[in-house]
Amino acid sequence: MRNFESYLEYSDEVLNAKEEGLPIIALESTIISHGMPYPENVKMAKTCERIIRDNGCIPATIAVINGKIKIGLDDDDLEYLASAKDVAKVSRRDLAYIVSTKKTGATTVASTMICAGLANIKFFVTGGIGGVHRGYNEHMDVSADLEELATTNVNVICAGAKSILDLGRTLEYLETKGVPVIGYGTEIFPAFFTRDSKYKLNTCFNDVNHIAKMIKTKDDLGLRGGTIIANPIPVEYQLEKSFIDSIVDDAILEGERKGIEGKDVTPFLLSTIVEKTEGKSLEANIELVYNNAKVGAQIAYAYYQTK
């Protein structure tokens with residue numbers, strides 16, 4: 001039997017929620033340490049947590065602090081992650097190393113799913129998932145997020161996949177792995193900064209109760225892996241598709257010229273896009289995360305009412 005509980009440290013709020021059987025929502029920390037500038041990242045993190053509480057759930061932002069997997073962060077932890085320069089970006093391959101060497105790291109989608117699974121947290125809110133990068137035929141760059149979705153039973157509420165990716169191949173990979181992708185209020189797979197893409201979804205609902213019921217049925221059947229709830233950015237905050245597509249293309253070319261590789265690609269591209277859009281992409285990113293926090297909490301609350 002695995003002895004993983006000794007590696008976990010719960011905040012008092014999360015521990016009380018577990019004891020009382022309240023719905024808990026996991027939140028990643030890479031978006032804080034590597035995804036947004038300070039102090040916007042602190043404000044975003046605290047606002048997400050407030051939105052989740054306002055919708056009847058308990059937030060659990062996850063990170064590794066001095067070798068402990070912390071399930072729920074206090075204000076000091078958030079400030080440190082948001083401003084420190086030595087915070088590692090922790091995906092599946094890095095988790096055991098960061099924990100065993102007692103280092104500090106921010107969790108990605110994949111590692112947040114792992115930690116949420118260990119803590120028996122079923123719902124996770126993020127901005128956008130990783131996926132298959134463009135130019136896959138040349139360098140086979142596929143995010144660990146997709147494999148985690150195929151194996152870890154955590155439901156991920158997001159605004160689709162990041163628009164820097166190959167959305168078509170990302171959906172094909174998820175289909176191969178049997179990961180349900182549910183559109184909330186949309187039949188189209190959203191493209192992060194915009195609501196539109198050319199990819200139609202097989203499953204969509206306009207009611208959080210229907211999504212909760214489907215997830216409950218999946219659990220009852222013992223089907224392995226996670227579920228994606230694709231929640232498009234609100235109309236008033238989306239960026240015009242041709243505008244953001246051209247900027248993303250330019251950012252990708254710039255990254256290739258500079259030799260940016262591996263896990264440095266996504267943060268480089270997102271920061272470059274913020275610069276090229278004069279901050280418009282950052283505002284859109286923040287608003288879509290808030291929207292995901294609200295919808296994710298509503299789905300989790302509805303799920304716990306079905307029991």
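**Entry 1**

I began with the charges: the chain has 34 positive and 43 negative ones, and their mean positions lie 4 Å apart. I note here that the model is a predicted one.

Next I looked up the secondary structure and found 13 helices and eleven strands. I then took the radius of gyration, which is 18 Å; the globule rule gives 19 Å for 307 residues, so the chain is as compact as a globular protein of that length. Along the principal axes, the C-alpha atoms fill a box of roughly 50 × 40 × 35 Å.

I asked what share of the 307 residues counts as buried. The share is 55%.

**Entry 2: Ser33**

I looked up Ser33 and found it in helix H2, which covers residues 30-33. Is Ser33 buried or exposed? Its relative accessibility is 18%, and buried means under 20%, so Ser33 counts as buried.

I then listed what Ser33 touches, leaving out residues up to four places away in sequence: Leu81, Val87 and Ala106. Separately, I recorded a polar contact of 2.6 Å between the side chains of Ser33 and His34.

**Entry 3: a cis bond at Pro39**

I went on to the loop between H2 and helix H3 (40-54), where Pro39 has its place. The peptide bond that joins Tyr38 and Pro39 is cis, and I noted an omega of about 5°.

**Entry 4: Thr126**

I placed Thr126 in the loop between strand E7 (123-125) and helix H7 (136-139). Although Thr126 is in a loop, it counts as buried, with 3% relative accessibility.

Which residues does Thr126 touch, not counting those up to four places away in sequence? I found Glu28, Val109, Val156, Ile157, Cys158 and Asn292. With one of these, Glu28, the side chain of Thr126 makes a polar contact, side chain to side chain, of 2.4 Å.

I also looked up the pair Thr126 and Leu288, which are 162 residues apart along the chain. Their C-alpha atoms are separated by 9.1 Å.

**Entry 5: two positive phi angles**

I looked up Lys102 for its backbone. Lys102 is not a glycine, yet its phi is positive, at about 55°. The residue lies in the loop between helix H5 (92-100) and strand E6 (105-107).

I then turned to Asn120, in the loop between helix H6 (109-118) and E7. What is the phi of Asn120? I read a positive value of about 60°, although Asn120 is not a glycine. Asn120 has 58% relative accessibility and counts as exposed.

**Entry 6: recap**

I set the entries side by side. Ser33 is buried in the count at 18%, and Thr126 is buried at 3%. For polar contacts, I have Ser33 with His34 and Thr126 with Glu28.

Notes
Residues numbered from 1 in each chain as written. Predicted model: local features only at pLDDT ≥ 70, side-chain atom pairs only at ≥ 80, totals over all residues. Heavy atoms only, no water. Helix = DSSP H or I, 4+ residues; strand = E, 2+ residues; numbered from the N terminus. Rg over C-alpha atoms; globule rule 2.2 N^0.38 Å. Buried < 20%, exposed > 50% of the residue type's maximum accessible area, 1.4 Å probe, protein only. Lys, Arg positive; Asp, Glu negative; His and termini not counted. Charge placed at Lys NZ, Arg CZ, Asp CG, Glu CD. Polar contact = N/O pair within 3.5 Å; in protein donor to acceptor, adjacent residues only side chain to side chain. Contact = heavy atoms within 4.5 Å.
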